[in-house]
Amino acid sequence: MNDTFTEADLAPDPQEKRDRLLAVVDRVAALVAVLAGGVYIGGMIALGAGAAPIVFGMLPRPIAGDVMGAVFARFDVVGLGAALAVLAAEVTRTLAARRRGRTILSRLRRSCTLFMAVSAAYVALSLSPRINELHRQNVQRDDTPQGQVLEAVHKRAELFGKIGMGMAFGLVVLSVFTIQPRKPDDEEDDEEAVAPLPPGPRDD
């Protein structure tokens with residue numbers, strides 16, 4: 001048996017290497033989720049609070065509706081991309097975290113991710129096409145039956161847009177707060193570690 005101490009004895013074992021790799025994967029996936037969520041939030045604010053009031057204030061309502069319908073249809077592609085990105089990042093983080101991903105904050109993060117993705121998909125695949133279809137039929141938001149339908153679809157799109165933004169904001173915050181810089185086992189070892197006793201005789 002060779003009792004000689006070598007540099008290889010200080011090298012991390014395969015489990016430590018795997019944990020470090022998973023930690024890197026977790027950080028990268030969290031970064032993707034934060035960026036995708038930020039893009040979705042920024043786009044919704046820019047279009048809903050910035051572009052829409054200006055367009056409807058400067059152009060006649062039929063033309064303004066067509067313009068904003070086309071703009072939101074273009075953004076829906078970005079929204080769907082962001083939704084797919086956060087879902088992929090969440091799946092990656094869940095697999096990388098293993099048992100450490102069973103915390104309350106992690107579960108809340110997954111819920112925010114799911115609701116954001118569902119809201120973005122519902123608006124992009126159902127509500128926006130319905131609004132644009134009604135605009136192409138020259139339907140206006142008025143007291144006519146078709147106008148009331150358009151008004152209802154608009155209100156629903158606004159509601160789910162706000163829900164998606166709220167969930168995206170929660171996702172961004174929770175993605176940051178659920179990054180684990182070290183393994184819980186390491187923290188427990190740090191808390192339990194004690195200093196060595198000084199040399200010399202002891203009364204015990």
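Visitor: How much space lies in the largest pocket?

Guide: The model is a predicted one. About 560 Å³ of space lies in its largest pocket. The lining comprises 24 residues, and Gly48, Phe72, His154, Ala157 and Glu158 are the closest to the centre.

Visitor: Why is a space called a cavity rather than a pocket?

Guide: A cavity is a set of points where a 1.4 Å probe fits but cannot get out, whereas a pocket is an open set. By this rule there are three cavities of 30 Å³ or more.

Visitor: What makes up the lining of the largest cavity, by class?

Guide: Its residues divide into four nonpolar, four polar and four charged. The lining has twelve residues, and Asp26, Arg93, Ala97, Thr178 and Gln180 lie nearest the centre of this cavity. The space in the largest cavity is about 120 Å³. Helix 1 (14–58), helix 2 (61–97) and helix 3 (104–136) each supply at least two of the lining residues.

Visitor: Which residues line the second largest cavity?

Guide: Phe56, Arg61, Gly65, His135, Val139, Gln140, Arg141, Leu150 and His154 line it. Helix 2 and helix 4 (145–177) each contribute at least two residues to this lining, and about 60 Å³ of space lies in this cavity. Its lining divides into three nonpolar, four polar and two charged residues.

Visitor: How do you know that the span of helix 3 agrees with its number of residues?

Guide: At 1.5 Å a residue, the 33 residues of helix 3 should span 48 Å; the end C-alpha atoms are 47 Å apart, and therefore the two agree.

Visitor: Where is the kink in helix 3 centred?

Guide: The kink is centred on Val123 and comes to about 40°. Just after helix 3, Asn138 takes a positive phi of about 60°.

Visitor: Which residues does UniProt list under "transmembrane region"?

Guide: The unreviewed UniProt entry lists residues 28–59, 71–91 and 159–179. In the model, residues 28–59 are 97% helix and 0% strand, with end C-alpha atoms 44 Å apart. Residues 71–91 are 100% helix and 0% strand, and their end C-alpha atoms lie 31 Å apart.

Terms used:
Residues are numbered from 1 along each chain as its sequence is written. This is a predicted model: local features need pLDDT of at least 70, side-chain atom pairs count only at pLDDT 80 or more; totals for chains, interfaces and linings use all residues. Side-chain values use heavy atoms; hydrogens and water are left out. UniProt positions are given in the numbering used here, feature names are shortened, and annotations may be inferred rather than shown by experiment. Helices (H or I, at least four residues) and strands (E, at least two) are DSSP runs, numbered from the N terminus. On a 1 Å grid over the protein atoms alone, a cavity is a set of points where a 1.4 Å probe fits but cannot get out, and a pocket is an open set with protein on both sides within 12 Å along at least five of seven lines; lining residues have an atom within 4 Å of a point. Grid points are joined across faces, edges and corners, and a volume is the space filled by probe spheres set on the points. Ala, Val, Leu, Ile, Met, Phe, Trp, Tyr, Cys and Pro count as nonpolar, Asp, Glu, Lys and Arg as charged, and the others, Gly among them, as polar. The expected span of a helix is 1.5 Å times one less than its number of residues. The bend at a residue is the angle between axes fitted to the seven residues ending there and the seven starting there.
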